[in-house]
Structures are given as C-alpha cells and as structure tokens.
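The stops below can be selected in the order given.

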Amino acid sequence: MNDLLSVARRAAADWNARMLTQAADGTRRGTRWGRGAFAFVPSALAIGVLGTALAQGALAANFSVTGQPFTLTSNGVEGSGFGAIVNTPAVGRPDGTSTTNTAMARVGFASAHLAGLCGIVHQTIAGVPYSLLLTGGQTVTATPPATFTTDIDASNLYIQATELQAYGPTTLQNAVLGQSADQVTVAGKPLTGALPGGFGLGSAGGEGGSSIALHGLNATAYDAEMAGALVLPDLKIRVVAGTANAC
C-alpha cells in the first residue's frame with residue numbers, strides 16, 4: 001500500500017510540474033482549471049448549508065434526477081393523511097425535452113415518520129459508473145428488522161414512483177380504494193396530476209383520517225418532495241465508485 005501511495009504521489013508531482021511549465025509559456029491549453037475550481041466552491045458551500053438546514057428541519061427539499069429513477073429505502077414508514085393516485089407526470093430528458101408516456105403512482109403523506117432513509121442515484125461519468133448515496137437517521141438494512149422505531153419526521157411528503165413496495169405487513173386504516181383521483185387530498189390539497197375518474201386511494205375519515213404503516217420501504221422514484229418541515233438527523237452525502245445497491 002505504501003509503494004502504491006508513493007507511486008501516486010510521484011505521478012501527481014510530475015503532472016503538477018508539467019502544468020506549471022506549460023502555464024509559464026503563456027499558451028492556453030484545455031480547460032481553465034483555475035476558473036473551474038472557483039466555480040465548484042459555491043456548489044460545495046451550498047451542499048454544506050443544505051445539509052445543515054435539513055438536519056435542523058429548517059428547509060423543505062425536493063430530490064429529483066432528470067430523466068432517470070433513483071432508489072429510496074427505509075426500515076419502515078408510519079404516516080397519516082395518506083393518499084395516492086395514478087398519473088403521467090412530465091419526466092425530463094437530458095436534452096431538455098420531456099415526456100409523459102410513463103404512468104406512475106403519486107403517494108402523499110400529510111405527516112410521515114420514517115425509520116432511517118437511504119437514497120441512491122446512479123450516474124455514469126466518462127463511461128465510469130458512480131453512485132451518490134444520501135442517508136439520514138438510523139442505518140437502513142437490506143432486510144428490514146422485525147420491529148422498527150422511527151427517527152425521521154416529515155410533513156407534506158410526496159413520492160412519485162413507478163414502483164413502491166413494503167417487505168412486511170402493511171396496515172391501512174380508514175382508506176377508500178378506488179376513490180376518484182381528483183377527490184383525493186393530502187394536507188388539504190389535491191395530488192398533482194389527478195384526473196376526474198382516475199384511480200385514487202383516499203380517506204374515509206375526512207382529511208387526515210387515513211393512516212398507513214409500511215414494514216420496510218423500497219421505492220423506484222423519479223421525485224421525492226418534502227414540502228413541509230423535514231427533521232433529518234445525521235445527514236450524509238457520499239459519492240462512491242461503482243453501482244451501489246445499498247447504503
């Protein structure tokens with residue numbers, strides 16, 4: 001390992017010396033890395049501020065990736081004021097256009113409590129796969145525990161997903177399966193993309209009357225929106241090489 005580090009250091013020193021020599025002759029070559037470094041600084045500061053605000057529950061958040069799904073998992077979810085519809089949202093493409101050809105479920109919670117949170121985004125840069133991991137609260141396990149205790153609180157939580165599943169018993173209370181989509185409300189508002197006569201899962205007990213408990217959660221999502229307060233302890237954002245499947 002020490003030999004490998006020595007080789008890496010020598011290579012870096014040689015590269016740096018070549019760059020200094022080329023810079024001294026006044027010829028412009030390739031990317032202006034000095035300017036690029038300054039451009040990265042605001043982004044890094046923004047991520048730091050975002051992490052602090054999320055951890056303190058001071059900021060609403062919206063996670064989305066243009067044109068591709070990401071994975072959201074948790075050891076369990078307990079929510080009230082629950083509602084769901086089927087819609088066809090506009091999904092952005094990398095070229096700036098959008099499509100509405102994919103039917104998805106939009107699921108909302110007026111109040112939600114999660115047992116840890118793990119978000120995974122897969123990206124390819126110059127042909128090399130990388131994964132961005134966003135975690136908060138307790139460690140999310142591949143196999144959810146027999147019982148769970150929530151440690152993340154969110155209000156007005158919405159998930160737009162092509163697939164959402166639980167790994168154990170799911171408990172629904174005061175729910176109406178097959179309610180017209182435009183009649184389903186979460187926190188007093190209809191769900192985005194709801195059409196009259198479309199499929200909906202709403203509440204039989206009035207606004208906020210329905211509740212759900214999911215034993216484990218795995219969602220293939222295109223959007224996750226926390227429109228209200230979010231208390232996310234121990235927020236971590238990491239980028240790792242390869243295609244990660246777990247946090």
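**Before selecting anything**

This is a predicted model, in which local features need pLDDT of at least 70 and side-chain atom pairs count only at pLDDT 80 or more, while totals for chains, interfaces and linings use all residues. Residues are numbered from 1 along each chain as its sequence is written, and side-chain values use heavy atoms, with hydrogens and water left out.

**Stop 1: the whole chain**

Show the chain as a cartoon. Its secondary structure comes to 2 helices and 16 strands; these are DSSP runs numbered from the N terminus, with helices being H or I of at least four residues and strands E of at least two. Of the 247 residues, 31% are buried (buried is under 20% relative accessible area, exposed is over 50%, partly exposed is in between; 1.4 Å probe, protein chains only).

Switch to a surface. Contact means heavy atoms within 4.5 Å. Among contacts between residues at least 6 apart in sequence, 78% join residues at least 24 apart.

**Stop 2: the largest cavity**

Rolling a probe the size of a water molecule over the atoms shows where empty space is left. A cavity here is a set of points, on a 1 Å grid over the protein atoms alone, where a 1.4 Å probe fits but cannot get out; lining residues have an atom within 4 Å of a point. Points are joined across faces, edges and corners, and a volume is the space filled by probe spheres set on them.

The structure holds 3 cavities of 30 Å³ or more, and the largest contains about 60 Å³ of space. Select L72, L114, L117, L157, I159, L217, A224 and M226 to see its lining. The largest share, 3 residues, comes from β14. What kinds of residue make up the lining: nonpolar, polar or charged? There are 8 nonpolar, no polar and no charged residues (nonpolar: Ala, Val, Leu, Ile, Met, Phe, Trp, Tyr, Cys and Pro; charged: Asp, Glu, Lys and Arg; polar: the others, Gly among them).

**Stop 3: the disulfide**

Select C118 and C247. They form a disulfide with sulfur atoms 1.9 Å apart (the cut-off is a pair of cysteine sulfur atoms within 2.5 Å). C118 lies in strand β6 (residues 117-125) and C247 in the segment after β16 (236-241), so the pair ties together parts that are 129 residues apart in sequence. The torsion about the S-S bond is about 80°, so the disulfide is right-handed. C118 is buried at 3% relative accessible area, whereas C247 is partly exposed at 31%. A search of the whole structure finds 1 disulfide.

**Stop 4: S210**

Go to the loop between β13 (200-203) and β14, where S210 lies. S210 is buried, at 1% relative accessibility. Apart from neighbours within four places in sequence, S210 is in contact with G79, S80, G81, F82, Q173, N174, G202 and S203.

**Stop 5**

Select N156, in strand β8. Although not a glycine, N156 has a positive phi of about 55°. N156 is partly exposed, at 23% relative accessibility.

Finish at D234, in the loop between β15 (230-231) and β16. Its phi is near 55°, again a positive value in a residue other than glycine. D234 is exposed, with a relative accessible area of 58%.

Conventions. 1 Å grid on protein atoms, 1.4 Å probe; cavity = no way out; pocket = protein on both sides within 12 Å on 5 of 7 lines; lining within 4 Å.
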